[in-house]
Amino acid sequence: MAARDGSQASSPARVSGVTWATDLIRLEIALWDRVDARLRESHELPLAFFESLLFISRARRGGMRVGDLAQALRVTVGGTSKLIDRIERAGLITRGPDPDDRRASRVALTTAGKRKLNAALKTYEAEVGSILGGVLSPEEQRRLSDYVSRLLTSIDPGERT
């Protein structure tokens, strides 16, 4: 049946998908705001810094290229470079030339960055745990994690979570 404006009416499944996706995006924003506020309050560490430190800490060879970090964060290389500048000024990372590619630079955690990340990890886990634990059982949390991992992988087959 056609809608009043002449276009086809959306199927219930389509509307449901839009509603679900919109809710998922809103949830991500709410989670970001809560975790960011807690990390800033407890560690003077913005969530953007935390995420960067976390990805760098998980990289092989103790560091990663700025371009690879940009891809992991899903932001532009230019935006990542500016973020790296701010994290470097805070003394949490070092940046140096990539020995495999002179055009690229690599970033690695400093001792202060490792300490800050380790302390913030506990706060991050506690905050997310308090949000999810009050609503979802451990089994539901595990399933949700699996669903999110599958969705990310379907969008970007190179994604590892």
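Which strands does α4 lie across, and at about what angle to β2 does α4 run? Helix α4 lies across β2 and β3, and its direction makes about 130° with β2. Angles here run from 0 to 180 degrees between N-to-C directions, with axes being lines fitted to C-alpha atoms, for helices over the stretch in contact.

## What you're looking at

This is a predicted model, in which local features need pLDDT of at least 70 and side-chain atom pairs count only at pLDDT 80 or more, while totals for chains, interfaces and linings use all residues. Residues are numbered from 1 along each chain as its sequence is written, and side-chain values use heavy atoms, with hydrogens and water left out.

The protein has six helices and three strands. Both kinds of element are DSSP runs numbered from the N terminus: helices are H or I with at least four residues, strands are E with at least two. Of the 161 residues, 25% count as buried (buried is under 20% relative accessible area, exposed is over 50%, and partly exposed is in between, using a 1.4 Å probe and protein chains only). Take the contacts between residues at least 6 apart in sequence, and 49% of them join residues at least 24 apart; a contact means heavy atoms within 4.5 Å.

## The sheet

The three strands make an open sheet in the order β1-β3-β2, with antiparallel pairing. Its edge strands are β1 (64–65) and β2, each of which pairs on one side only. Helix α2 packs on this sheet, touching β1, β2 and β3, and its direction makes about 105° with that of β3.

Strands β2 (residues 93–98) and β3 (residues 101–109) are antiparallel partners over six bridges (two strands pair if DSSP finds at least two bridges between them). They form a hairpin, with two residues between them.

## Ile-93, a handy landmark

Ile-93 sits in strand β2 and is buried, with a relative accessible area of 2%. Leaving aside neighbours within four places in sequence, Ile-93 is in contact with Leu-53, Ile-56, Ile-84, Ile-87, Glu-88, Val-107, Ala-108, Leu-109 and Thr-110. Ser-52 is 41 residues from Ile-93 in sequence, yet their C-alpha atoms are 9.7 Å apart in space.

## How α2 meets α5

Two packed helices are described by the angle between their axes and the distance between the axes. For α2 (residues 47–58) and α5 (residues 111–133), that's an angle of about 110° with the axes 10 Å apart. So α2 is roughly perpendicular to α5 (angles of 65 to 115 degrees count as roughly perpendicular, under 35 as roughly parallel, over 145 as roughly antiparallel and the rest as oblique). The crossing of α2 past α5 is left-handed, a term used if the near helix is turned anticlockwise from the far one by less than a right angle, with clockwise being right-handed.

On the α2 side, the residues that take part are Leu-47, Phe-50, Leu-53, Leu-54 and Ser-57, and they meet Gly-113, Leu-117, Ala-120, Leu-121 and Tyr-124 in α5. By class, this contact has eight nonpolar, two polar and no charged residues (Ala, Val, Leu, Ile, Met, Phe, Trp, Tyr, Cys and Pro count as nonpolar, Asp, Glu, Lys and Arg as charged, and the others, Gly among them, as polar).

## Two residues in α4

Thr-80 belongs to helix α4 and is buried, with a relative accessible area of 0%. Not counting residues up to four places away in sequence, Thr-80 touches Val-66, Leu-69, Ala-70, Leu-73 and Val-75.

Asp-85 is also placed in α4 (residues 77–89), but Asp-85 is partly exposed, at 28% relative accessible area. Asp-85 and Arg-95 are ten residues apart in sequence, and their C-alpha atoms are 8.9 Å apart in space.

## Two loop residues with positive phi

Most residues other than glycine have a negative phi, and most peptide bonds are trans. Glu-44 is not a glycine, but has a positive phi of about 50°. Glu-44 lies in the loop between α1 (12–43) and α2 and is exposed, with a relative accessible area of 70%.

Arg-74 has a positive phi too, near 65°. Arg-74 lies in the loop between α3 (66–73) and α4, and is partly exposed at 45% relative accessible area.
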